[in-house]
Amino acid sequence: MQHFVISLLSLAAGAAVAGVVTARRRFVVVRVAGTSMVPTYQPGDRVLIRRGARAVPRRGQVVVFRRLQPGGPGSSGRAPALRGTEWLIKRVAAMPGDRVPDQVAPGVHAAPGDVVPAGRLVVLGDGPTSRDSRHWGYLPVSEVLGVVIRRLS
């Protein structure tokens, strides 16, 4: 009987560890820096991000993504390290297949009526001084870390 109880405790401990590992892979806490999302998020706010297949962004949602390198919007193809990477936070204004918003058209070199290409998003900050798709073009979906679920602080 004692061996059975120890086995059950070992199984429960293993399940708890697996649950923590899964949660850490699926959820991330990010601290907001800068004022591009004011008034929605203030500098220093912490937000909970959902990663993975269930975190596919939709229009109107706020996403966190890797800062694009000047001169190249592409991804390296590898998952970025969470630490040491500069992350930005913006709201999705248009999805692939949506019409390019008028205020973004010059930044993405789009003609009236053009649509957002596959694998790309248009993102805008909520604040008036935001640097976003109006300035650096489309955001590759591959650069998105995840979708903001809620503010923590």
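Here is a friendly conversation about a predicted model and the terms used to describe it.

Student: What should I know before we start?
Tutor: This is a predicted model, where local features need pLDDT of at least 70, side-chain atom pairs count only at pLDDT 80 or more, and totals for chains, interfaces and linings use all residues. Residues are numbered from 1 along each chain as its sequence is written, and side-chain values use heavy atoms, with hydrogens and water left out.

Student: What is the average pLDDT of the protein chain?
Tutor: pLDDT is the predictor's confidence in each residue, from 0 to 100. The protein chain averages 82, and 71% of the residues score at least 70. Over residues 16-23, pLDDT stays under 50, and the model has 0 contacts there beyond four places in sequence. A contact means heavy atoms within 4.5 Å. Residues 72-79 also stay under 50, with 9 such contacts.

Student: Why is Asp 98 called buried?
Tutor: Set the value against the cut-offs: buried means under 20% relative accessible area, exposed over 50%, and partly exposed in between, with a 1.4 Å probe and protein chains only. Asp 98 has 16% relative accessibility, so Asp 98 counts as buried. You can find Asp 98 in the loop between strand 4 (87-94) and helix 2 (105-108). Helices (H or I, at least four residues) and strands (E, at least two) are DSSP runs, numbered from the N terminus.

Student: What makes the link between the side chains of Asp 98 and Arg 59 a polar contact?
Tutor: A polar contact is a pair of N or O atoms within 3.5 Å; within protein, one must be able to donate a hydrogen and the other to accept it, and residues adjacent in sequence count only if both atoms are side-chain atoms. The side chains of Asp 98 and Arg 59 are joined at 2.8 Å, so the distance falls within 3.5 Å. Beyond four places in sequence, Asp 98 is in contact with Arg 59, Asp 114, Val 115 and Val 116.

Student: Is Val 38 buried, partly exposed or exposed?
Tutor: At 25% relative accessibility, Val 38 counts as partly exposed. Val 38 lies in the loop between strand 1 and strand 2 (46-50). Leaving out residues up to four places away in sequence, Val 38 touches Pro 43, Asp 126 and Gly 127. Val 38 and Ser 130 are 92 residues apart in sequence, with 9.2 Å from C-alpha to C-alpha.

Student: How do you know that strand 3 and strand 4 pair?
Tutor: Two strands pair if DSSP finds at least two bridges between them. Strand 3 (residues 62-66) and strand 4 have 5 bridges in the antiparallel sense, so they pair. Within this pair, Val 62 stands opposite Arg 91. Strand 4 also pairs with strand 5 over 3 antiparallel bridges, and there Val 92 has Val 123 as its bridge partner.

Student: Why is strand 4 described as largely enclosed?
Tutor: Of its 8 residues, 6 are buried, so strand 4 is largely enclosed by the rest of the structure.

Student: In what order do the strands of the open sheet stand?
Tutor: The 7 strands of this open sheet follow the order 1-2-7-3-4-5-6, with antiparallel pairing. Strand 1 (27-31) and strand 6 (139-140) stand at the edges, each with a single partner strand, so one side of each has no neighbour in the sheet.
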